[in-house]
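Student: Please take one part of this model and go through it closely. I would like the sheet beside the ligand, then how the rest of the chain compares in layout.

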Amino acid sequence: MELPKVSKVVRLGNSKPKKPCNITRQCPSKSIVVNTGFIGNYKVFSYQTSLGPDRNDDTLGIVDVVLKVRELKVWTPEEKSLWRKKSSKPKTLILNNVTDCIKSGEFLAILGPSGAGKTTYLVSLCGKCTLPSEGVVTVNGRNVRELPPGEVEILPQFDVFMDCLSVKEHLVFMTEMKIGSAKNSRNDTVLNAIMDMLKLKAHENTLIKSLSGGERRLLSLASSLLSNPQILICDEPTTGLDSYNASLVVGLLKGLSLTGKIVICSVHQPSSDLFKEFNSISLMSEGKLLFHGTHEDCRNLFESLNLRCPKNYNPAEFYIKAVSPSPATDVNYVDRILENNRNRFHQCDETCCETHTTPRPPVCNRSWLKQVQLLMWRFSIRIKRSYKGFAVSLLLSTVIGAVVIGICFAGSKGTTQRGVQNLRGLLWLICSEVSFSLSYAALYAFETDLSLFKREVGMYRVSAYFVARFLNEVPRCIIWPIPFVTITASAVELPNHSLTILELYLALIISGLASTAYGLGMGALFISTGMMADVMPCADLPLFLMSGAFLRISSLPFWLYPFKFISHFYYAMDAISNIYWRQIGDIECPTNTTTVCVKDGAAVLLENGYSNNFVLEDTIGLLFVATLWSILGYWGLKREERKGYAY
Ligand SMILES: Nc1ncnc2c1ncn2[C@@H]1O[C@H](COP(=O)(O)OP(=O)(O)OP(=O)(O)O)[C@@H](O)[C@H]1O
């Protein structure tokens, strides 16, 4: 395809305007960051990111790209019921032997009736299809699945964001993750230029949840453009946009294709004017690719089948209607078009699909620590924006509970026989309230963000995501025990009041970390089934029975004994019981009683089966439990990541 010459190149930033240069060769300067220019009527946009000096090396320099699809078949997996060998749902073919070749500069519209397989095809083109498949998709000879992230970007049909972020915050996060520091002047210029082009500047401080559907589409597109992809795949990019914004987006995408990128869009009922902007068309029906070529070739093909698009009729609609499976007519145009077009595909196969190898610089790979920092920053914005919910949750789940407990146990002291039972109960209540409220608060942490996580698969490491989520829960672990300890402790008699409160507080923070890891772990393990709330009580029961509050640990059958070592309830109770009872000397024993008396705090600890070396044992134990659940949670998330991208 012959590309027109650039009539004008405008430099953004503080560099001088450059002379016009030919789009088929590289422009001389290496210092240019972002350029807009015009090709014919189209404003084209070319930019460098900090990914490396060679990436789309210069202003409107072209990197030849060939996207080749060979004998691609995609099908749904066969489903079998657990108890019968017979399949309950047979496999269905979604893409049927698709072979194609798409070249640099193509602005391709994929048309077809609903269910034709367009989305599946687009997702396969970017190597993110998770369904069983056969065949191969290559970009310049390299399997698309092996390309570094950012080379092929997809703008999915449905937008998923962290809605409490502002437009600017979202784009800064994406810039940081995809191309490097947003403070870097080069990346900042790219970011601002993209916001300008997509008219997002006016909304930069608007929260995403307040954006209209169309504005969300523009924001999605902006995120996809950041990494300066060679191939941009858009699933219905104009859906939800008014005609002005639809032509803005189509104009921008066309401009990108003019700089040598491949831009592929599935489109639903495009207006005739927008449809004309595409320089090639693919027609799909029933999972087959029927045609790929220019408008003229398509018209000729249909005319050869006696299908003439009436004047003033939208050709896109005409083509879709013609290839839609219709039981009303006997004529199957799908097979006839395929038959007529067979030779053309063979021709394409032989002429255009040779391997090109364009060296590509490594993509930005943010360090693990940076990923954790960025993810924490994004989570922290959510906490900041929902501080009222945080305060209400603090009030309801801790302060009110602590006040009720404080009232019931007011005046209790551990130096009388009656007080021993009360204090045992009080310590258990403090331990269980803190543990349960923290683990259940963490339980749904991953489920809330599952769609976003699956959209961002490959952008950051799962371990970074887990650690960031965990660290984000740490403030809760520090704040939650405060009301429990201060309110309840002020209601009862404590020896060495301030020091004991401080020690209890520290023990509960460490046990809170283990409880949070337990909640996150269970949440991640059962994330896809959504059954975490059903499973959690089953796991809670044996774990809190090990706490020693209800039965003597030494009386457990030997096979249940190991549960003690993974019970954060046990370690927490062991720690706080030791902190309290070790300070209790003599316990009054009435002379006229017939029941057995516990004589001192040490006897209480012995009766419960708590350890002697509690500081070391419980600290190591709680850290062990936190690590164990974190590993399980990481594994659960990794499993979700392996299921792949969600579209
Ligand atoms: N994961 C899946 N499991 C089962 N069936 C699927 C799956 N993904 C797609 N399909 C089926 O494959 C067919 C093609 O779906 P696809 O979404 O690719 O069509 P489409 O052409 O993009 O449709 P639309 O224009 O309505 O978005 C549909 O019948 C759909 O139900």
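Tutor: Strands here are DSSP runs of E with at least two residues, helices are runs of H or I with at least four, and both are numbered from the N terminus. Residues are numbered from 1 along each chain as its sequence is written. The model is predicted, so local features need pLDDT of at least 70 and side-chain atom pairs count only at pLDDT 80 or more, while totals for chains, interfaces and linings use all residues.

Strand β4 (residues 66–75) and strand β9 (residues 133–139) run antiparallel, joined by 6 bridges. Two strands pair if DSSP finds at least two bridges between them. Strands of a sheet pair through backbone hydrogen bonds, either parallel or antiparallel. β4 and β9 belong to an open sheet of 4 strands, ordered β7-β4-β9-β10, with antiparallel pairing. Its edge strands are β7 (93–103) and β10 (142–143), each pairing on one side only.

Now the helix on this sheet. α1 lies across β4, β7 and β9. It runs at about 55 degrees to β7. Angles run from 0 to 180 degrees between N-to-C directions, with axes as lines fitted to C-alpha atoms, for helices over the stretch in contact. Contact means C-beta atoms, placed from the backbone, within 7 Å.

The ligand comes next. Helix α1 (residues 118–125) gives the most to the shell around the ligand, with 3 residues. The surrounding residues are Thr76, Ile94, Gly112, Ser114, Gly115, Ala116, Gly117, Lys118, Thr119, Thr120 and Leu131. The shell divides into 3 nonpolar, 7 polar and 1 charged. Here Ala, Val, Leu, Ile, Met, Phe, Trp, Tyr, Cys and Pro count as nonpolar, Asp, Glu, Lys and Arg as charged, and the others, Gly among them, as polar.

A second open sheet has 6 strands in the order β11-β12-β13-β8-β14-β15, with mixed pairing. Its edge strands are β11 (152–155) and β15, each pairing on one side only. The twist averages 15 degrees from one strand to the next.

Strand β14 (residues 280–285) pairs with β15 in the antiparallel sense over 5 bridges. The two form a hairpin with 2 residues between them, and Glu286 in the turn has a positive phi of about 50 degrees. Ser285 stands opposite Lys288 in β15. The bridge partner of Ser282 is His292, also in β15. Strand β15 (residues 288–293) is mostly covered, with 5 of its 6 residues buried. Buried means 20 or more other C-beta atoms within 10 Å of the residue's own; exposed means 12 or fewer, and partly exposed lies in between, with C-beta atoms placed from the backbone.

Last, the whole chain. There are 21 helices and 15 strands. Of its 647 residues, 43% count as buried. Among contacts between residues at least 6 apart in sequence, 75% join residues at least 24 apart. Val625, in helix α21 (residues 614–643), counts as buried because it has 26 C-beta neighbours inside 10 Å. Leaving aside neighbours within four places in sequence, Val625 is in contact with Ala514, Tyr518, Ile566, His568 and Tyr571.

Notes. A residue is near a molecule or strand if its C-beta atom, placed from the backbone, lies within 6 Å of it. Two residues are in contact if their C-beta atoms, placed from the backbone, lie within 7 Å.
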